[in-house]
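The sequence and structure come first.

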Amino acid sequence: LERTFIAIKPDGVQRGLISEIISRFEKKGFKLVAIKIMIPSKDFAQKHYHDLKERPFFNGLCDFLSSGPVVAMVWEGEGVIKYGRKLIGATDPQKSEPGTIRGDLAVGVGRNIIHGSDGSETAKDEIALWFTPWELVSYTSNAEKWIYGIN
Ligand code: GTP
Ligand code: MG
């Protein structure tokens, strides 16, 4: 099954949205296979967002990500990379649909509470950056046969 990296950013943690966000992924039927809370260093934040280093907001973005605790997670499931982004909603919460995490819970583009990998390559890279292999737990959940069926 596919895996994606999801992080609750410092604003989401400080606003008490950890359980709300986890709940949306869990209720959908995705499976949590890694989780931890940490304060990333600025250097670590720059590594995470290296693709954006030419953007004018890069420095502020990395300062923000390293400004407090982040809940780092790996979620597993069929189509979880693409559908995880759908659950999260558009980058700018002003444009995110109601019903999405950012649409329902955030207002500003620089404080959009959650990150999700944007493709299979970035998912692989981000999981490797944030987690060691032995922090990832492979297991079958009892609900899987009810979520996917048998065929
Ligand atoms: P992530 O899941 O956090 O990677 O967001 P994303 O994939 O929806 O957007 P992207 O990777 O393009 O940008 C990363 C983060 O930079 C966003 O989540 C925003 O917080 C921030 N960002 C993106 N565009 C802008 C912008 O135009 N202005 C500001 N201030 N921040 C931006
Ligand atoms: Mg992104």
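## Strand pairing

Two strands pair if DSSP finds at least two bridges between them. Helices (H or I, at least four residues) and strands (E, at least two) are DSSP runs, numbered from the N terminus. This is a predicted model, in which local features need pLDDT of at least 70, side-chain atom pairs count only at pLDDT 80 or more, and totals for chains, interfaces and linings use all residues. Residues are numbered from 1 along each chain as its sequence is written.

Strand β2 (residues 31-38) is antiparallel to β3, with seven bridges between them; K31 faces E76 of β3. Six bridges link β3 to β1 (residues 3-8), again in the antiparallel sense. Here T4 is opposite W75, and F5 has V74 as its bridge partner. β1 also runs antiparallel to β4, joined by three bridges, with A7 partnered by H115.

## Burial of the strands

Buried means under 20% relative accessible area, exposed over 50%, and partly exposed in between (1.4 Å probe, protein chains only). In β3 (residues 70-76), seven of seven residues are buried. One side carries V70, A72, V74 and E76, the other V71, M73 and W75, and both faces are covered. In β1, five of the six residues are buried.

## Negative surface patch

A patch of negative charge on the surface is formed by D51, D118, E121 and D125. Patch residues have over 30% relative accessible area and no salt bridge, and like charges are joined within 9 Å. A salt bridge is a side-chain nitrogen of Lys or Arg within 4 Å of a carboxyl oxygen of Asp or Glu.

D118 sits in the loop between β4 (114-116) and α7 (120-130). D118 counts as exposed because its relative accessibility is 53%.

Terms used: Chains are lettered from A and ligands numbered from 1 in the order in which they are written. Side-chain values use heavy atoms; hydrogens and water are left out. Patches are made of residues with over 30% relative accessible area and no salt bridge: like charges are joined within 9 Å, nonpolar side chains (Val, Leu, Ile, Met, Phe, Trp, Tyr) within 5 Å. Accessible areas come from the Shrake-Rupley method with a 1.4 Å probe; for residues, only the protein chains shown count as cover. Lys and Arg count as positive and Asp and Glu as negative; His and the chain ends are not counted. The place of a charge is taken as NZ of Lys, CZ of Arg, CG of Asp or CD of Glu.
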